[in-house]
Amino acid sequence: MEVNKIRNELSIKAKNGIGFLLAAVVIWSIITIIFLLPIDIQQKNIFMLISTGIMFPLSIGISTLIKADWQLKNNPTGNLGLIFNFAQLIYFPILFFGMITNPENAILFFAIITGAHFFPYGWFYNAKPYYIMAPVISIIIMILGLYLDGENLWAISLSLAILFLLLIFLLTVDYRKKRAVVES
């Protein structure tokens with residue numbers, strides 16, 4: 001089977017991973033609320049990490065609702081998506097370093113890691129929006145972090161949620177084009 005055919009099949013069956021991105025919008029919206037609370041930054045960072053605990057079950061639920069196959073058991077490269085996702089965890093020492101040395105920057109590190117980890121999904125789903133938005137997200141969040149200078153950190157998580165919504169829109173367009181080709 002041709003590699004691009006496999007990738008396009010993944011894209012259509014999993015709907016470009018949109019279920020996981022929708023869950024990420026929910027998580028980063030929760031993080032926005034956390035960073036609006038009148039509590040100290042260490043507590044905000046801990047609650048930020050705790051809130052990510054619902055990511056996987058929420059992703060499964062949303063994927064089921066939108067009828068996206070998140071397991072991809074019958075595809076030879078299906079496990080690669082899981083590997084790409086776990087790769088994000090390897091960058092968590094950067095996040096923990098930020099939480100320890102400069103707690104105000106932890107959300108910035110986390111947002112950049114989260115945005116950047118989507119880059120390989122461009123190859124996985126044969127979807128250019130991932131290639132475009134991963135660096136765009138990382139750069140916008142970095143610039144925003146420099147501008148905010150440790151103040152109004154909720155704007156980082158809110159911006160990330162909005163950027164994910166843009167990514168979801170672009171991926172939906174990509175998915176519909178691929179599905180139309182298969183159905184014709």
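Predicted model: local features only at pLDDT ≥ 70, side-chain atom pairs only at ≥ 80, totals over all residues.
First, the ground rules. Residues count from 1 along each chain as its sequence is written, side-chain values use heavy atoms, and hydrogens and water are left out. Local features need pLDDT of at least 70, side-chain atom pairs count only at pLDDT 80 or more, and totals for chains, interfaces and linings use all residues.

Now the helices, which are DSSP runs of H or I with at least four residues, numbered from the N terminus. Take H9, residues 128–148, and H10, residues 154–183. Their axes come within 10 Å and cross at roughly 165 degrees. Axes here are lines fitted to C-alpha atoms over the stretch in contact, with angles from 0 to 180 degrees between N-to-C directions. So H9 is roughly antiparallel to H10, a label for angles over 145 degrees.

Who touches whom? Contact means heavy atoms within 4.5 Å. From H9, the residues include Tyr130, Met133 and Ile137. From H10, they include Leu160, Phe164 and Asp174.

On to the pockets. A pocket is an open set of points on a 1 Å grid over the protein atoms alone, where a 1.4 Å probe fits, with protein on both sides within 12 Å along at least five of seven lines; lining residues have an atom within 4 Å of a point.

The largest pocket has a volume of about 850 Å³, meaning the space filled by probe spheres set on the points. Of its 34 lining residues, Phe20, Met55, Phe56, Asn85 and Tyr121 are closest to the centre. Which helix gives the most to that lining? H5, with eight residues.

The second largest pocket holds about 150 Å³. H5 and H7 each supply at least two residues of its lining.

Technical notes. Parallel < 35°, antiparallel > 145°, perpendicular 65-115°, else oblique.
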